[in-house]
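Subject: Structure handover and notes

Dear colleague,

I am passing on the structure we spoke about, and below it you will find my notes. Please read them with the structure open beside you.

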Amino acid sequence: MHPQSLQSDCSNCFGLCCVALAFTASADFAITKAAGDPCPNLGESFGCGIHGKLRAKGFQGCTTYDCFGAGQQVSQVTFGGRSWREAPGTAPQMFAMLPVMRQLHELLWYLAEAVTLRPARPLHPALRAAQATIEQHTREDAGTLQALDVAALRQQVSELLLEASKLTRAKHRGREQRNADLIGARLRGAKLRGANLRGAYLIGADLRGADLTDADLIGADLRDADVSGTDLSGCLFLTQAQVNAARGDAATRLPGVLQRPAHWR
């Protein structure tokens, strides 16, 4: 369903997230780092020197981040495999491209799933057209990408995805909880089949054993949400970043395209 190009491949990236993004000393990061400054843990070959100990060393935020494959796209396609160390003059533009490409790849991730939803078949032609347009943008040069109105593109795609979601969830008559404040909510075993949880704040929520079949999770904040033993394989628009941010266990079921985080118990 999701092409490999939309999954992070750090071996083909120039450590862009470790340089382009800013860190602030907090529960997620042990240090403060300005955007454009390489993380002190970044090696010469663009690997992380503490990759297996990130959480123990205070870099929990690094373990929850996912670029949807944008890092390798910018590194190998937009800049033709020439790193910012080889060509320092390209660094500012290369780093600026990461968040732009990440948004495009995120949209492609959702679209790849939407075109498989049978109830949304009337929308498939429009969804595929949107896919083709965005894929074309991902192959454009850095200058063209910088001028792209990503916000307008996101709005257009968001409307399509919302319609696809409505068609898929219609049979369930699930809860309407878009952008709901469910921080720390006790939802263990809750009947959330077909619920609209777009943008919902589920930080620290207890979702153990909840029924999330066909629940729309686009933009839902799952930081520290307990999904131990929960079947997430049938929910809509779940991403690796959301899974990474949640707390699960060996009994948590995930869609086949997503990986079980190493820090889950």
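Is aspartate 66 buried or exposed? Aspartate 66 is buried, with a relative accessible area of 9%, where buried means under 20% relative accessible area, exposed over 50% and partly exposed in between, using a 1.4 Å probe and protein chains only. Aspartate 66 is found in the loop between helix 2 and helix 3, helices here being DSSP runs of H or I with at least four residues, numbered from the N terminus. The C-alpha atoms of aspartate 66 and leucine 148 are separated by 22 Å, the two residues being 82 residues apart along the chain.

Before the rest, a word on the basis of these notes. This is a predicted model, in which local features need pLDDT of at least 70 and side-chain atom pairs count only at pLDDT 80 or more, while totals for chains, interfaces and linings use all residues. Residues are numbered from 1 along each chain as its sequence is written, and side-chain values use heavy atoms, with hydrogens and water left out.

Salt bridges

The structure holds nine salt bridges, a salt bridge being a side-chain nitrogen of Lys or Arg within 4 Å of a carboxyl oxygen of Asp or Glu. In one of them, arginine 208 meets aspartate 206 with an N to O distance of 2.7 Å; arginine 208 is partly exposed, with a relative accessible area of 28%, whereas aspartate 206 counts as buried at 16% relative accessibility.

Arginine 208 also forms a salt bridge with aspartate 226, and here the closest N and O atoms are 3.8 Å apart. Both aspartate 226 and arginine 208 lie in the loop between helix 7 (150-169) and helix 8 (240-245), so the pair ties together parts that are 18 residues apart in sequence. Aspartate 226 is itself buried, its relative accessible area being 9%.

A further salt bridge joins aspartate 226 to arginine 247, with 4.0 Å between the closest N and O atoms. This pair links distant parts of the chain, 21 residues apart, since aspartate 226 is in the loop between helix 7 and helix 8 and arginine 247 in the segment after helix 8. Arginine 247 counts as partly exposed, at 35% relative accessibility. Through shared partners, the salt bridges join Asp206, Arg208, Asp226 and Arg247 into one network.

Aromatic residues

A search of the whole structure finds six aromatic pairs, where rings of Phe, Tyr and Trp (its six-membered ring) pair if their centres lie within 6.5 Å, and planes under 30 degrees apart count as stacked, over 60 as edge-to-face and the rest as tilted. Among them is the edge-to-face pair of phenylalanine 68 and tryptophan 109, at 5.9 Å centre to centre and with 65° between the planes. Phenylalanine 68 lies in the loop between helix 2 (60-64) and helix 3 (70-78) and tryptophan 109 in helix 4 (residues 91-114), so the pair ties together parts that are 41 residues apart in sequence. Phenylalanine 68 counts as buried at 2% relative accessibility, and tryptophan 109 is buried with a relative accessible area of 3%.

Tryptophan 84 and phenylalanine 95 form another of these pairs, also edge-to-face, with 5.7 Å centre to centre and 70° between the planes. Tryptophan 84 is in the loop between helix 3 and helix 4 and phenylalanine 95 in helix 4, so this contact ties together parts that are 11 residues apart in sequence. Tryptophan 84 counts as buried at 10% relative accessibility, and phenylalanine 95 is buried at 13%. Phe14, Phe46, Trp84 and Phe95 form one aromatic cluster.

Backbone

Asparagine 179 has a positive phi of about 60° although it is not a glycine, and its place is in the loop between helix 7 and helix 8. Aspartate 224 lies in the loop between helix 7 and helix 8 and has a positive phi near 60°, in a residue other than glycine. At 37% relative accessibility, aspartate 224 counts as partly exposed.

Note on methods
Helices (H or I, at least four residues) and strands (E, at least two) are DSSP runs, numbered from the N terminus.
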